[in-house]
Amino acid sequence: MRSLIRRIVLSAALALGGLALAPGAASADTPATVLFNQASERCPDGAVWDTQDMHPCAPSNNPGKWVFTPVPGWTGVYTINNEADRRSCLTASDSRPSGYQCYANQTSQMWRITPYTAPGQSAKYDMVGVRIQNVSSSLCLDNTKKNFGGWKLYMFGCNDGAYQQWNIYRSSYEALFGPVGAHKGMTWATLEQRADNVVHVGYDTASDPYQGDTPAGSRLPVLCLRKDDRPAPAGVPTSGFHSWAGGEVKATAPVPGTQLSSRATADQLCAASFGADFRMAEFHDASGWGLWANGTLPTQTRFWTAIDDQPANPWS
């Protein structure tokens, strides 16, 4: 009874914010996929109008299948529609995601999907990992069996855990992000980190800007840049190679190069990590070979960095 009342109340609240949605345009939807959790090795059961229990994912267990439907006007944001009834959207409510009637403009039904493989993990059964973050709460789709008498879907703060790695069919992943990367990618390193939050990052003897230097299966941070034409600090060159980029750099959590299936995918990862003005840094951002910017970067790792005019990216 409590579950029924809860569904009625939420449906009424959603209806106040927008008209009920018909199923998304089929031409824009991804192929249907299970949501296979890396840590629990379970899938949501696909209950159309209720909370989601987690069960083994073998075909004999009849796991739920889902379709990612792009939200118009939102880059990288989707509703997650139940394949059994496209009127049902996965909805974040009271920390327990459930299936509810789809409504327009409801951020609790909008999910930001980004490539993700947890540290030390490798996606299983030829699937590819993603992170699923709710637009309304900024919490990530997780799963737990604490306090629920069995595995359930759950909303939790985004972190680097395997409980937030959701493996999807390769066909669905490629519909979202393009072909899985397989080419060596170019990497840069921190060349100098100043105490005043100024950093020099770029080419070193391990970099190969012509063919790529690091296998796509390696896990490295993506170097992200936001350009805003800020003035150069004292002592930083403003022209020529290795000059001031007029912005700020940050590094994402390490990701396999295989998940960088296009420049747009890498840009989307930067924007999701740090804000809409961030994108993947590119070889020529400060005339070439390196750049200076505001920021603090780790010094013991390398960074995936794009190059636009050479086949030296994981997606090349």
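**Notebook: strands, cores and cysteines**

I began with Glu 192, whose bridge partner in strand β14 is His 200. The model is a predicted one, in which local features need pLDDT of at least 70 and side-chain atom pairs count only at pLDDT 80 or more, whereas totals for chains, interfaces and linings use all residues. Residues are numbered from 1 along each chain as its sequence is written, and side-chain values use heavy atoms, with hydrogens and water left out.

**Entry 1**

I then followed the chain from β13 into β14, which form a hairpin with four residues between them. Asn 197 sits in the loop between these strands and has a phi near 65°, a positive value in a residue other than glycine. Most residues other than glycine have a negative phi. I noted Asn 197 as partly exposed, at 35% relative accessibility (buried means under 20% relative accessible area, exposed over 50%, and partly exposed in between, with a 1.4 Å probe and protein chains only). Trp 289, in the loop between β19 and β20 (290–294), also has a positive phi, about 75°, although it is not a glycine, and this tryptophan is partly exposed at 23%.

**Entry 2: the seven-stranded sheet**

Which order do the strands of the open sheet follow? I read β19-β16-β17-β20-β14-β13-β21, with mixed pairing. The edges are β19 (279–280) and β21, each with a single partner strand, so one side of each is left without a neighbour in the sheet.

Trp 304 and Cys 224 are 80 residues apart in sequence but 9.2 Å apart in space, C-alpha to C-alpha.

**Entry 3: helix α2 and the cores**

In α2 (residues 170–177) I found Ser 172, Tyr 173, Leu 176 and Phe 177 buried. Seen down the axis of α2, the buried residues fall within an arc of 110°, so they line one face of the helix; the arc is that of the directions from the helix axis to the C-beta atoms. An α-helix has 3.6 residues a turn, so residues three or four places apart point the same way. Just after α2, Gly 178 takes a positive phi of about 95°.

For the cores I used sets of buried Ala, Val, Leu, Ile, Met, Phe, Trp, Tyr and Cys residues joined through side-chain atoms within 4.5 Å. The largest nonpolar core has 22 residues, and those with the most contacts inside it are Trp 111, Ile 113 and Ile 132. Among the elements that give two or more residues to this core are β4, β5, β8, β9 and α2. A second, separate core of 17 residues includes Trp 188, Leu 225, Leu 291 and Leu 297.

**Entry 4: disulfides**

How many disulfides does the structure hold? I find four, a disulfide being a pair of cysteine sulfur atoms within 2.5 Å; numbering the bonded cysteines in sequence order, the pairing is 1-2, 3-4, 5-6, 7-8.

- Cys 43 and Cys 57 have their sulfur atoms 1.9 Å apart, and the link is right-handed, with 115° about the S-S bond. Cys 43 is buried at 1%, and Cys 57 counts as buried at 17%.
- Cys 140 and Cys 158 have their sulfur atoms 2.0 Å apart, and the torsion about the S-S bond is about 90°, so this disulfide is right-handed. Cys 140 is buried at 0%, while Cys 158 is partly exposed at 35%.
- Cys 224 is joined to Cys 270 with S to S 2.0 Å; the torsion about the S-S bond is about -80°, so this disulfide is left-handed. The pair links distant parts of the chain, Cys 224 in strand β16 (residues 223–227) and Cys 270 in helix α3, 46 residues apart. Both Cys 224 and Cys 270 are buried.

Key: Pairing = 2+ DSSP bridges.
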